[in-house]
Amino acid sequence: MKEKIRIGVIGCGRISLAHREACKNLIDEVKIEAIADINNKNLSRFTEGYRVPHIFNDYHKILQDKNVDAVIVCVPHDLHEKITIDALEMRKHVLIEKPMALDYKQAKNMVNKAKKNRRRLMVGQSRRYSYASLKMKQMIDNGEIGDLFRVIINFLVFFKEAPTNWWNIKKSAGELITLLQGSHSIDTSIWLFDKIPLKVFSNNFIKNFALVDEGDIFLDFRNASASIHLSLNTKPPIYEVLAIGNKGILKLSENQIIGTFHFKNRLELNNKVILESKQDPSNYTLQLQEFLDSIREDRESLTEGNKILKVMKVISAAV
């Protein structure tokens, strides 16, 4: 049996619950040793049905705990850089929620700190880890649709209101939709093309939220392009990725099922279904498994921080 890696969770809001469930799914490999949040309600919700030995309001106490090997950081965007650097300086491996940081400069500082302290820094680009996404990438790389020349992503969801107050604060959230959904979609585009775009165009506006909640991003790859369409106001929600090559089309579509972070995926090649199933285990479980394996094997993960710098460069350009 593998020795368990002991985790601290910093920030116990909505997204942390997906990481908690991932830890439950990998109970033989990982243990949540401690959690921290300034909001006691978040702490109480996190510990429902899950016993945590140490509960703090100050995240520094997790970093001072020698029993903690690594941390998962789930805090507002403007705190990503500081908390990650604090953790790396205390020799903790870090899984940071997306977006990696507010901008490229902050992300670069985080990567440099990870390298200096010889710790793993992985970014939670969770949509790479679904079976459908991995299959799509494999088929593109194998040339099954020929030369990829166009990617179209519709990431259109609905929130009646912001699920957390910091989504309404510019200092904390930055350019909201570009960082929330845009970080996933830009990452997907760069990953599928396996290169960074030459030019970036962006347009967004405010419809119902305090910050930008509608956006469109166009990436110019020279004789190839990606168009990304983002919304927080679309009902019913739509998530789909079209990958168009000179020999065929792949289409990935996703539907939410029971549970906030549980999905059913469908992958089609030229309108023929080649994969359709519930994503089980969850993306977050597969992501956590990759994080744990990268620590044990002392290797870069699929979404290692230095790889996601390309994404942050494009996000900064879009902003």
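Trainee: Why is Ser 189 called buried?

Mentor: Buried means under 20% relative accessible area, exposed means over 50%, and partly exposed is in between, using a 1.4 Å probe and protein chains only. Ser 189 has a relative accessible area of 0%, so it counts as buried. You'll find Ser 189 in helix H8. Keep in mind that this is a predicted model, where local features need pLDDT of at least 70, side-chain atom pairs count only at pLDDT 80 or more, and totals for chains, interfaces and linings use all residues. Residues are numbered from 1 along each chain as its sequence is written, and side-chain values use heavy atoms, with hydrogens and water left out.

Trainee: What is Ser 189 in contact with, leaving aside its neighbours within four places in sequence?

Mentor: Contact means heavy atoms within 4.5 Å. With those neighbours left aside, Ser 189 touches Val 151, Ile 153, Leu 219, Phe 221, Ala 226 and Ile 228. Take Leu 219: its C-alpha atom is 8.5 Å from that of Ser 189, although the two are 30 residues apart along the chain.

Trainee: And Leu 219, buried or exposed?

Mentor: Buried, because its relative accessible area is 0%. Leu 219 sits in strand E9. Its contacts beyond four places in sequence include Pro 197, Val 200, Ala 224 and Val 314.

Trainee: What makes H8 oblique to H10?

Mentor: First, the naming: helices (H or I, at least four residues) and strands (E, at least two) are DSSP runs, numbered from the N terminus. H8 covers residues 176-193 and H10 covers residues 305-318; they pack at an angle of about 125°, with axes 9 Å apart. Axes are lines fitted to C-alpha atoms, for helices over the stretch in contact, and angles run from 0 to 180 degrees between N-to-C directions. Under 35 degrees is roughly parallel, over 145 roughly antiparallel, 65 to 115 roughly perpendicular, and the rest oblique. That is why H8 is oblique to H10.

Trainee: Which residues of H8 and H10 make the contact?

Mentor: From H8 they are Thr 178, Leu 179, Ser 183, Ile 186, Asp 187 and Ile 190, and from H10 Ile 308, Lys 310, Val 311, Val 314, Ile 315 and Ala 318.

Trainee: Why is the pair of Phe 201 and Phe 218 called tilted?

Mentor: Rings of Phe, Tyr and Trp (its six-membered ring) pair if their centres lie within 6.5 Å; planes under 30 degrees apart are stacked, over 60 edge-to-face, and the rest tilted. Phe 201 and Phe 218 are 6.1 Å centre to centre, with 55° between the planes, and form a tilted pair. Phe 201 lies in strand E8 (residues 199-205) and Phe 218 in strand E9 (residues 214-220), 17 residues apart.

Trainee: How do you know that Phe 201 is partly exposed?

Mentor: Its relative accessible area is 45%, so Phe 201 falls in the partly exposed class. Phe 218, at 34%, is partly exposed too.

Trainee: Last one: what makes helix H4 mostly covered?

Mentor: Eight of the ten residues of H4 (residues 80-89) are buried. Among them are His 80, Glu 81, Ile 83 and Asp 86. The cover includes strand E1 (5-10), helix H3 (60-63) and helix H5 (104-117). Just after H4, Arg 91 takes a positive phi of about 65°.
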